[in-house]
Amino acid sequence: MIHLQDITVTYKDGTVAINNISAVFKSGEFTVLLGPSGAGKSSLLRCINFLTLPSSGQVKVEGLGELSNPKTLRKHRQKTGMIFQQHQLIPRQTALKNVLIGRLAYHSTLRSLFPLPKLDQCIALECLDRVGLLNKALTPVKQLSGGQQQRVGIARTLAQKPQFLLADEPVASLDPGSSRKILSNLRKICQEDGIGALVSLHQVDLALDYADRIIGLANGTIIFDSCPSEIQKQQLETMYQNSSLIQT
Ligand SMILES: Nc1ncnc2c1ncn2[C@@H]1O[C@H](COP(=O)(O)OP(=O)(O)O)[C@@H](O)[C@H]1O
Ligand SMILES: [Mg+2]
């Protein structure tokens, strides 16, 4: 369980990206963070592993403590996987080698200069299998489609054996068919492994179809937080209206 308490993020230029947000994220829950561009989705996600430091407030992780403690932060990051819109893979390396990067957190810097043990190779192959890409293990990722590359990125994150997943617009650059395939796969894996996930999206239809819980964000504030069946059209309209008012 991750507990955000009164989190505010103010950037150096004075922009308040997150305005006093409190929320609890439970293990095994697939939460979608929905909101228009500029709502604060990336800032909020990045606060959860301190890639962006909150200007005020606390992030507490059950069993570990507060992230402001460097030891806690290191342990938390080892167990928190991140998936980005741009998968940041090494294009000329094989899918397998890219996925193995997810295992590096479990080895010392010196050890990781040498080929990783068989167990790591097995975990990496199993992760590729779970995203349906075992047959592409030895293919350089530059030869894969955008959707396949994103699946390699997901497999790399899974190889880290995370307890919690942060995904920032993981399907933003993909066509609707690939987006659905990836989200349903990701959700299934999270359910099977009891991984808690916070996934930012800007597509309402995808959020309604795949989320256990949807948090609507506008101008750095949570404007609704409920299960998809309880969300009303009015709330969605407000979320997008407010943002366009601020942007003009
Ligand atoms: N590094 C930064 N410096 C200053 N302002 C930023 C920075 N990153 C984001 N912002 C601003 O913070 C707000 C929220 O941005 P962001 O978290 O990226 O939203 P989203 O991911 O929902 O598009 C926006 O107004 C954005 O312009
Ligand atoms: Mg963003």
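**Ligand shell, strand pairing and a helix pair**

By class, three nonpolar, seven polar and two charged residues form the shell around ligand 1 (Ala, Val, Leu, Ile, Met, Phe, Trp, Tyr, Cys and Pro count as nonpolar, Asp, Glu, Lys and Arg as charged, and the others, Gly among them, as polar). The model is predicted: local features need pLDDT of at least 70, side-chain atom pairs count only at pLDDT 80 or more, and totals for chains, interfaces and linings use all residues. Residues are numbered from 1 along each chain as its sequence is written, while chains are lettered from A and ligands numbered from 1 in the order in which they are written.

The shell comprises Y11, D13, T15, A17, G35, S37, G38, A39, G40, K41, S42 and S43 (C-beta atom, placed from the backbone, within 6 Å of the ligand). Helix 1 (residues 41–47) supplies its largest share, three residues. Helices (H or I, at least four residues) and strands (E, at least two) are DSSP runs, numbered from the N terminus.

Strand 1 (residues 2–10) and strand 4 (residues 56–61) run antiparallel, joined by five bridges. Here I2 stands opposite V61. Strand 4 also pairs with strand 5 (residues 65–66), antiparallel, over two bridges (pairing requires at least two DSSP bridges). V61 has G65 as its bridge partner in strand 5. Three residues separate the strands of this hairpin, and G63 takes a positive phi near 85°.

G147, Q150, R151, I154 and L158 in helix 5 meet S178, K181, I182, L186 and I189 in helix 6 (C-beta atoms, placed from the backbone, within 7 Å). This contact has five nonpolar, three polar and two charged residues.

Conventions. Contact = placed C-beta atoms within 7 Å.
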